[in-house]
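Biologist: I am new to reading protein models. Could you walk me through one, feature by feature?

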Amino acid sequence: MIKIKKPAEIEKMRVAGQVVARTLEVLEASIVPGKTTTLDLDRLAEKVINEHGGISSFKGYRGYPNTVCVAVNEEVVHGIPSDERVIQSGDVVGIDIGAIVDGYHGDSALTVAVGEVSEEAKRLLQVTREALFKGIAEARVGNKLVDIGAAIQNYAEKHGYSVVRDLVGHGIGTQMHEDPQVPNFRTPGKSVALQDGMTLAIEPMVNAGTFEVIQLKDRWTIVTADEKLSAHFEHTVAITRQGPDILTLRRNEESRL
């Protein structure tokens, strides 16, 4: 069942979304190649979220042990932070964060190019980021859910990349995962009409090679089947009569709508 949010609820989600946005900004700026571990990011994220009056959406969710998911290079999503994983120059690092404030969730992710990365890595990140905004631009009253996924898939594939099929975005509100599922690709059959007050976490996961993925033995980390690079960007978006409202927009980021 899709939950339609009132304006006051959307504003509460904006507060949570901005805690996530501030935390991502701090984490991105904190990475020191050859020194920072993925567990360092996790510890810092929990500190920043708590300082802003929030708690982690992820920690303890279905048994997940940490505050953030950190995915490096061929890892797509859900990487478990570790003191043994040192971030190096040339890595691309996906950071996914959720926070709860006053009972409402915000959820956002970005992928960071660390130090000197390859031109291919730069291009993958740019295309994935733009694919997210192509999808967000379709999150309008009168459109359908399939329009979001089609826009993301079209843009990614036009640039020679593939969109992960086994993982999708989701509705969000008082629960981290609510109806509807939000695919990043075209889906057959009848599609959900987008309504004023719907809130969605839109999150393309785009691979340099095949769209196929594998889950590792830790039962969380998802990696590309061909071990090629992957990128992940996500925003929490409210659908309003005035157009898409990005609740997790960072200060150094333009909406591009």
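Modeller: We will look at a helix pair, a single helix and a sheet. This is a predicted model, where local features need pLDDT of at least 70, side-chain atom pairs count only at pLDDT 80 or more, and totals for chains, interfaces and linings use all residues. Residues are numbered from 1 along each chain as its sequence is written, and side-chain values use heavy atoms, with hydrogens and water left out.

Biologist: Which residues of α1 meet α2?

Modeller: First, helices (H or I, at least four residues) and strands (E, at least two) are DSSP runs, numbered from the N terminus. Contact means heavy atoms within 4.5 Å. Here V19, T23, V26, L27 and S30 of α1 touch L41, L44, A45, V48 and I49 of α2.

Biologist: How should I read the length of α4?

Modeller: The expected span of a helix is 1.5 Å times one less than its number of residues. Helix α4 (residues 145-158) has 14 residues and should span 20 Å; its end C-alpha atoms are 21 Å apart, which agrees. Just after α4, G160 has a positive phi of about 90°.

Biologist: What is the strand order in the open sheet?

Modeller: Strands of a sheet pair through backbone hydrogen bonds, either parallel or antiparallel. Two strands count as paired if DSSP finds at least two bridges between them. In this open sheet of three strands the order is β6-β10-β13, with antiparallel pairing. The edge strands, β6 (162-163) and β13 (230-232), each pair on one side only. Three bridges join β10 (residues 205-207) to β13, and N207 has S230 in β13 as its bridge partner.
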